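Grab a pencil and work through these exercises with the structure open beside you. Try each task before you read its solution.

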Amino acid sequence: MRLFVQGAVLLLGMGFLSAPAKAQKVVIEDDVPNSIVLVSQDKAGDEIVRIMNETQSPRFHDPKAPRFVLTDRKGRFALGIGGYVKATAEYDFGGISDDVDFYPSMIPNGGQNYVRNQFQMDATTSTIFLKLVGRTKHLGDFVVYTAGNFRGGSKVFELQNAYVSFLGFTMGYDYSTFMDLAALPPSIDYAGPAGQVFSRATLLRYERAFGKGWKAGVGIEMPVVDGITNQSVNISNQRMPNFPAYIQYAWNKSSHIRVAGIVRNMTYENLVAQRAESKAGWGVFAASTFNVTSKLNFYGQATYGRGISQFLNDISNLDVDLVPDPEAKGKMQVLPMMGWYAGLQYNITPKVFVSSTYSQTRLYSENDYPVTPSDQYRYGQYLVANIFWNVNANLQVGAEYLRGWRTDFNDMTRPANRPHVSAQYNF
């Protein structure tokens, strides 16, 4: 980590020294064919710029293309380093969400926390990345990408992405195939809407475009299973990967619809029968984003399944992939659950836009679970409205208002409110 940061600082220092008002090339003075050139990203070769742009993540919270890159003298390969520094400030009133991110499921009841107001500041989502791209004879467009932020325990550096991509294959640690990054709404809140599908996994994925506007993908992913345990059941080591797949149709660069599904087998220990057993989980979603007018954009997603709490933002905090079956001691069950969101973004000017999103996620009861009405989470609601101003190509500031509601199986509802401001500088 120390070497990584030192290297980043060194490259950034070289970049700033080489970047007056008009970007220029800085060439290492030797005649070796493999010598390198430090250039601004927009001065790199056409193929390098194309690959950098086409492989950039559409997720709002992910960093943009790097400002500076190191290329070989022939311009066939480039190593970019970049990221952003982001600082936020927030104040909860009329109830709190007990986390730096806003989750309705984290709104405590009176017995857990009597605090109704809180102030927080955060800079842990600041991100650093390295990206190697190139055009190869046998592997086509080749991308190696690593990125991380400081969301680890005690604000230590934590890996967010680490993968290699070529010929439609992606191998490593990345966003789940059971996601639609391009349909996620903008927000200062790093978590995003309650009903949003969000997950990362170690995976092997294959994607391919076909026909006019069609694209499909299939993956094998490392499973994570969390559940509520007791003296009769326990979560075990997992014996099978998750199997996600999607198909997408796009009618222009900013408008598409995607349908996805996932199948998973979740293993647990039946301590009464003293054996390992398993339950099947599955999920489906449909997501879309499209232009309503030249300045107005819609985005939305609807998800339903069983045993997919790991993938639904709000429910992922509850550990309910598997829960004990009250009707059968030593057995576990998978509960139905759903999540959805819908929102609009209006571009006031090329540099200023506003957006608003409403979201809901819900956990359903089955086989008398829970046995009696309790403060067990039933559903959450999430409402966000924000405004962003891109001051220049590198600086963005924003302001946001969040309101959430948590409703339990005993029909008690608890609200929380959070105004939010942020400043982000990309490098």
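**Exercise 1.** Find which residues lie nearest the centre of the second largest pocket, and sort its lining by type.

*Solution.* Start with the centre: Y103, Y173, F198, S199 and R200 lie nearest to it, out of 30 lining residues. (On a 1 Å grid over the protein atoms alone, a pocket is an open set of points where a 1.4 Å probe fits, with protein on both sides within 12 Å along at least five of seven lines; lining residues have an atom within 4 Å of a point.) Next, sort the lining: 14 residues are nonpolar, eight polar and eight charged. (Asp, Glu, Lys and Arg count as charged; Ala, Val, Leu, Ile, Met, Phe, Trp, Tyr, Cys and Pro as nonpolar; the others, Gly among them, as polar.)

A quick note: this is a predicted model, where local features need pLDDT of at least 70 and side-chain atom pairs 80 or more, while totals for chains, interfaces and linings use all residues. Residues are numbered from 1 along each chain as its sequence is written, and side-chain values use heavy atoms, leaving out hydrogens and water.

**Exercise 2.** Work out what kind of aromatic pair F178 and F285 form, and what it ties together.

*Solution.* First, the geometry: the centres are 5.0 Å apart with 55° between the planes, making the pair tilted. (Rings of Phe, Tyr and Trp, the last by its six-membered ring, pair if their centres lie within 6.5 Å; planes under 30 degrees apart are stacked, over 60 edge-to-face, the rest tilted.) Then the location: F178 is in the loop between β9 and β10 and F285 is in strand β15, so the pair ties together parts 107 residues apart in sequence. (Strands are DSSP runs of E, at least two residues, numbered from the N terminus.)

Definitions and conventions:
Helix = DSSP H or I, 4+ residues; strand = E, 2+ residues; numbered from the N terminus.
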